[in-house]
Amino acid sequence: MVKIADHRSTFANRILHRQTSQIIIGAWVIDMFGNVRTFKDLLDVRVASTAEHLTKPETMVYMLGMDGPLWECDVTTLDCSQLFDLVKTLDIPASQGEQPHFKASHTMNGRLVVASNTFELNDFKGLQHGGRLAEWKGPGTNWTILADTAFVEVTGRRNFGQVIYALGWDNKSVILKVYEGEETEYNYWQTYRLPKASHAFDHLWQTEWPRIREVETERYLMDMHGMFYELSPLGWAGSTWGIRPISQHLRVIPDFTSFRGFLVLGGNQVSSIMDNNVVTGQSQSNLWFGKTDDLWSFGKPQGWGAVWRTEDVVKGSISDPFLMTGFDKKVLHVILHDDNVLSAVLQVEVDVTGAAGHSQYEKWLQFRQLQMASGDQSAYQIVTFPEGFSVHWIRLVLTNCYTNSAFDNTCKLTAYFHYT
């Protein structure tokens, strides 16, 4: 092992710039002969991600700083110039205590997508919104904010499937956003929800860099909120297919890759730094070498999450699809919080194929109807799914909501899944 350079910043970016056959990692460019050059302008920038350029991919890249600066850099001259301060551009309330924490970027389908995973107490309460998922389609266009909660990863393969995946979360669940670039009729972002395997990843500092990476050949692993998933880079008919949980874990894994037949997990575990943590014991932040198949021997998949959480739901509303495949015991808790609801009717619908309703003849199927009203036992209902019952996605539809006011068709609802 040879040390290439000393630095005092935090770098989490790496990309293979295929047009010039160079690796960009941190503030350095390494060519195929091992020659190392430096982006001197970026030595004090906490570079979180590197993405291909929208208009000049042959010689330029985007460099996203963890604190919000977005640079474009020339990989031949090594000149860099700052394009945006995304804290200002995306209206992140940093002056009100929200810490910007950009983690990922990706260029695909004619857009640059960036993610920031800010999530603190006021985000959990819904008082502020510091996280961002946003896209930009190049010079002459404005940025579009896709979500104002924490997002930590965005990626996709250009030559196989044209699907962009983005990972985030809120106080309800893990969020998977999907943009399927080949089907013009699905030219919009779709939202899916997944359970959280642990609440020990909710804060922006605890989450760090959950990733979606290709391992072995043309198969993705996804690590999010303490759960590994298998994921296909392909999408069909505007839907994401084949996602399933592998295992639960408590490791903080900032990155992982395939290397010489091994699966290598980065380690961001506890470590003693100048004896500042007296209970650390032996440092654990090293590399883990194993096989991808070893992941199935980690903790069995389990978790919980909501599609609605103490929120006003308008009559006719349809929840986001929530993942249900790959878990053993499954329970749904539905709570009506209002005191003035005369009658509320909810449909519990399931998808058995993975199409999430996008295939013409594979519609959502009605599993159960729930009748609820304020002031009696029906205001809290438990749906215990049969042993062995499994579907791919599940969702809820509020078909009716009658209140004491003729002008109010909203019900304050919680719909929370527990998988054990």
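**Entry 1: disulfides**

I began with the cysteines and found that C73 and C80 form a disulfide, with their sulfur atoms 2.2 Å apart. I note at once that I am working from a predicted model. The link of C73 and C80 is right-handed, with 115 degrees about the S-S bond, and I find both C73 and C80 buried.

I then searched the whole structure, which gave 2 disulfides. The other entry I wrote down joins C401 to C411, with an S to S distance of 2.0 Å. The link of C401 and C411 is right-handed, at 110 degrees about the S-S bond. This pair links distant parts of the chain, since C401 sits in strand 32 (residues 393-403) and C411 in strand 33 (residues 410-419), 10 residues apart. C401 and C411 are both buried. When I number the bonded cysteines of the protein chain in sequence order, I read the pairing as 1-2, 3-4.

**Entry 2: salt bridges**

I counted 20 salt bridges in the structure and looked up some of them one by one.

I first took R158 and E52, which form a salt bridge with the closest N and O atoms 3.7 Å apart. R158 lies in the loop between strand 13 (150-155) and strand 14 (163-169), while E52 lies in strand 5 (residues 47-52), so the pair ties together parts that are 106 residues apart in sequence. I have E52 as buried because its relative accessible area is 7%, whereas R158 counts as partly exposed because its relative accessibility is 30%.

Next I looked at D328 and K300, whose salt bridge has its closest N and O atoms 2.8 Å apart. K300 is exposed at 58% relative accessible area, and D328 is partly exposed at 42%.

Finally I checked D6 and K3, which form a salt bridge at 3.2 Å between the closest N and O atoms. D6 is exposed, with a relative accessible area of 61%, and K3 counts as exposed at 63%.

**Entry 3: cavity**

How many cavities of 30 Å³ or more does the structure hold? I find 1, and the volume of the largest cavity is about 50 Å³. Its lining includes F201, W209, D223, H249 and R251, and the lining residues divide into 6 nonpolar, 4 polar and 2 charged.

Notes:
Residues numbered from 1 in each chain as written. Predicted model: local features only at pLDDT ≥ 70, side-chain atom pairs only at ≥ 80, totals over all residues. Heavy atoms only, no water. 1 Å grid on protein atoms, 1.4 Å probe; cavity = no way out; pocket = protein on both sides within 12 Å on 5 of 7 lines; lining within 4 Å. Points joined across faces, edges and corners; volume = space filled by probe spheres on them. Nonpolar A, V, L, I, M, F, W, Y, C, P; charged D, E, K, R; others polar. Disulfide = S-S within 2.5 Å. Buried < 20%, exposed > 50% of the residue type's maximum accessible area, 1.4 Å probe, protein only. Helix = DSSP H or I, 4+ residues; strand = E, 2+ residues; numbered from the N terminus. Salt bridge = Lys/Arg side-chain N within 4 Å of Asp/Glu carboxyl O.
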